[in-house]
Amino acid sequence: MSTYVNPVDPPDLGLLPTFRRLLPLWWAERRLGFFGLACSLVYVLISIAIPVLIQQAIDHSIDATHHQHLKPLWPYLAIIVVLGAGRFVINFNRRFATARIGVRIEARMRELLYQAYLRYPRAFYDRHATGQVLSRATNDLYPIRYFIGWGLVQGMQSIMMIIGVGIVLVLVNPLLALYTAVALPPITWLTFRFARRVSPISREVQERKGDVTEAADEAVVGIEMVQAFGRENDIRERFGDKAEGVRATVLRQAGIESRHLPGLYYLPGLSIAAVLFFGGRAHIHHQLTIGQFVLFETLLLQLVWPLEALGWITNLAQRALASAGRSFAWLEGIHPLPEPAEPRHLPEKPQPLEVRFEKVGFAYGGEVDVLHDLELVIEPGEIVAVCGPTGAGKTSLLNLLPRFYDPTAGRVLIGGVDTRDLPIAELRADVALVTQRPVLFSVPLKENILSGREDEDWEKALAAAVASGVDSFGPGLPDGYDTLIGERGVNLSGGQRQRTALARALATGARVVVLDDPLSAVDTFTERRLVARLRPALAGRTVLVATQRLSTVEIADRAVVLLDGRIVESGKPKDLIQAGGPFAKLFRDEVVAA
Ligand SMILES: Nc1ncnc2c1ncn2[C@@H]1O[C@H](COP(=O)(O)OP(=O)(O)OP(=O)(O)O)[C@@H](O)[C@H]1O
Ligand SMILES: [Mg+2]
C-alpha cells in the first residue's frame with residue numbers, strides 16, 4: 001500500500017522541467033519575442049544616447065568656459081526630440097508585442113487544461129475540489145502571463161541597460177564610475193530581499209482570496225440548506241474568518257512594503273551625492289566637464305528602475321514557474337482514459353448486446369473494495385433490476401459500463417468484448433446512461449433530449465419523449481419543446497428532470513441502457529404509467545436498472561440483489577417475493593402496502 005501513487009494527483013514539476021516545457025510555448029511565438037527583444041535593444045541604445053547628446057549640447061553649445069566658439073544648440077535639440085519620439089514608438093511596440101505573447105501563452109495553457117479536463121477520468125474529479133480545478137485554469141495562470149508578457153523581456157532590457165550604462169560611465173570617467181557604484185550593491189540587495197519577503201506573502205494573499213471565494217461559493221451553492229437549517233450565522237462567521245485572514249495578510253504585506261520601499265527610494269540618493277561630491281571636485285580640477293557631470297547624474301537615475309525590476313522579475317519568474325509546474329503536472333501526470341492499443345468492435349446493429357460482469361472487483365482510489373468478485377450476465381435484450389440498500393454499490397456497478405471507472409479486478413464485457421478493448425467513443429455511443437442526479441444543459445428542452453446530435457431526427461426523439469413521460473409537461477412549457485432550460489430559463493422539477501434525462505437516453509440508438517434509479521423523483525402513479533410505456537420503448541435493448549422501489553422493479557424481467565458489493569440473490573421479481581429472501585426483506589413494506 002505504501003508504494004501506491006495516486007494517478008490523479010501527481011506531484012508538481014520542478015523549475016527546470018517546467019522551464020523546458022514553457023520554452024516550446026514561447027518558441028511558437030518567437031517572431032513576436034525576437035521583435036520585442038530587438039525593440040528593447042533599440043530602446044536601451046536610445047535611452048543612453050539621449051543623455052550623451054545632452055552632455056554634448058551642454059559642453060559644446062551651452063557651457064562657455066571651454067569653447068570660445070559655441071556650436072548652435074538646435075541640431076542637438078532636434079535629434080533629441082526625434083530620438084525621444086522614436087523611443088516612444090518603440091516602447092509602445094515592445095509592450096504590445098510582449099503583452100501579446102503573454103496573453104497567447106496564457107490562453108494556450110488554459111486551452112490545454114480545459115481540453116484535458118474534458119477527458120480526465122472521474123477519479124480526478126473525486127480527488128480535486130471544483131474550485132481548485134477551475135482556479136488552476138484561471139487565476140493560477142496569471143503569473144505566467146505576467147512573467148512572459150512583461151518580466152522576461154523587461155528583465156533582458158534591464159540587464160542591457162545596466163551593461164550599457166556601465167560601459168558609458170567607465171568610458172567617461174572610470175574613477176567616478178567606481179565611486180558612484182557604491183549605492184548599487186545595497187540597492188540590488190535590498191530589492192532582492194524585499195521581493196523574497198513579499199512574494200510568499202502575495203502568494204498567500206492569492207490563496208486566502210481563493211478561500212474566501214470558496215466559502216462564498218459554498219454558501220451560495222448550498223443556499224437552500226443554509227436557509228433551511230438556519231445556518232446563516234455560522235456561515236457568516238466562517239466567511240468573516242476567511243475575510244479576516246485576507247485582511248491580516250494584506251496588512252503584513254503593507255508592513256513589509258513600508259519597511260523596504262523608502263530605503264529603496266533613498267539609496268539612489270547616495271550615488272547622486274557621491275557624484276555631486278567627487279564629480280564636483282573633478283570639475284573644479286578641470287577633469288570633468290559640466291556636461292559629463294550631468295551625464296553621470298542622469299544615467300545613474302536611469303539605473304535605479306532596472307535594478308529594482310530585476311529583483312521583482314526573479315521572484316515573478318519563480319512564481320510563474322511554480323504555477324506552470326502545477327499545471328504541467330496535471331497535463332502530463334494525469335492520463336485520460338486510455339484508448340485500446342488494438343481496438344475491437346461491437347457486433348453490427350441491430351443485434352442486441354449481452355452484458356457480462358466477470359469476477360469484477362472495484363475500489364475507489366485504492367481504498368476498500370466496493371464490489372467483490374461479482375458475476376452477472378444480462379442476456380441480449382433482457383432488463384435486469386439491481387436492488388439493494390443504499391450504499392450497496394449499485395451506482396458503482398453501473399458506472400463501470402460506460403467506463404467512468406475501470407474495474408480493479410475481473411472484466412466487464414459488452415457484446416462479448418472487454419469494454420477496455422472498445423474505442424471509447426464507440427462504447428459510449430452504445431451505452432446510454434441516466435444518472436442518479438441527472439444534469440441538464442442550459443439549452444432548449446429539445447436540444448437536451450437530442451443531446452446535441454444533429455443527425456438525430458426529431459420524430460424519433462419525440463417518441464422517446466412520449467415513452468418517458470416528457471409529453472405530459474413539455475408542450476405546456478412557455479415555448480413548448482423549444483423552452484430554454486436551466487439557470488437562465490425554466491427550472492424543471494426533480495421528476496421532470498429525471499424524465500428528460502430518460503428521454504435523452506432513449507433517443508440515442510444505444511443498445512445498452514443504464515438507468516440509475518431513474519424514477520425515484522416521480523410519484524407512484526406517474527411511475528406506474530411510465531413503467532407501462534417504457535417496457536416497449538426499451539425492447540431490443542439490454543437494460544440494467546438500479547432501483548430502490550418495487551414499482552420500478554416491475555419493468556424488469558429479472559432482479560438481482562446487491563449486498564455489500566456481492567450479488568446475493570437473483571430471479572424473477574414474483575418468485576423472489578415468494579422466496580422470502582433478501583429481496584422480499586428489502587421490499588417488505590412496499591409489498592405490504594400494495
Ligand atoms: N466517488 C467515490 N469515491 C469514494 N467512495 C465512493 C464514491 N462513490 C461511492 N463511494 C462509496 O462506495 C460505496 C457504494 O456506493 P454507491 O454509490 O455505489 O451505492 P448505491 O448502492 O448506489 O447507493 P444508493 O442507493 O444510495 O444510490 C459507498 O460506501 C460509498 O461511500
Ligand atoms: Mg446510487
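Which residue is the bridge partner of Arg356 in β4? In this predicted model, local features require pLDDT of at least 70 and side-chain atom pairs count only at pLDDT 80 or more, whereas totals for chains, interfaces and linings use all residues. Residues are numbered from 1 along each chain as its sequence is written, and chains are lettered from A and ligands numbered from 1 in the order in which they are written.

Arg356 has Leu413 as its bridge partner in β4. Strand β1 (residues 355-363) runs antiparallel to strand β2 (residues 369-378), to which six bridges join it; here Val355 stands opposite Ile378. Five bridges link β1 to strand β4 (residues 409-414), again in the antiparallel sense. Strands (E, at least two residues) and helices (H or I, at least four residues) are DSSP runs numbered from the N terminus, and two strands pair if DSSP finds at least two bridges between them.

Most residues other than glycine have a negative phi, and most peptide bonds are trans. A cis peptide bond, with omega of about 5°, joins Lys349 and Pro350. Pro350 is located in the loop between α11 (290-333) and β1.

Positive phi values occur at two non-glycine residues in loops. His286, between α10 (232-284) and α11, has phi near 60°. Asp564, between β9 (558-563) and β10 (566-571), has phi near 50°. His286 counts as exposed because it has 9 C-beta neighbours inside 10 Å, while Asp564, with 14 such neighbours, counts as partly exposed. A residue is exposed if 12 or fewer other C-beta atoms, placed from the backbone, lie within 10 Å of its own, buried if 20 or more do, and partly exposed in between.
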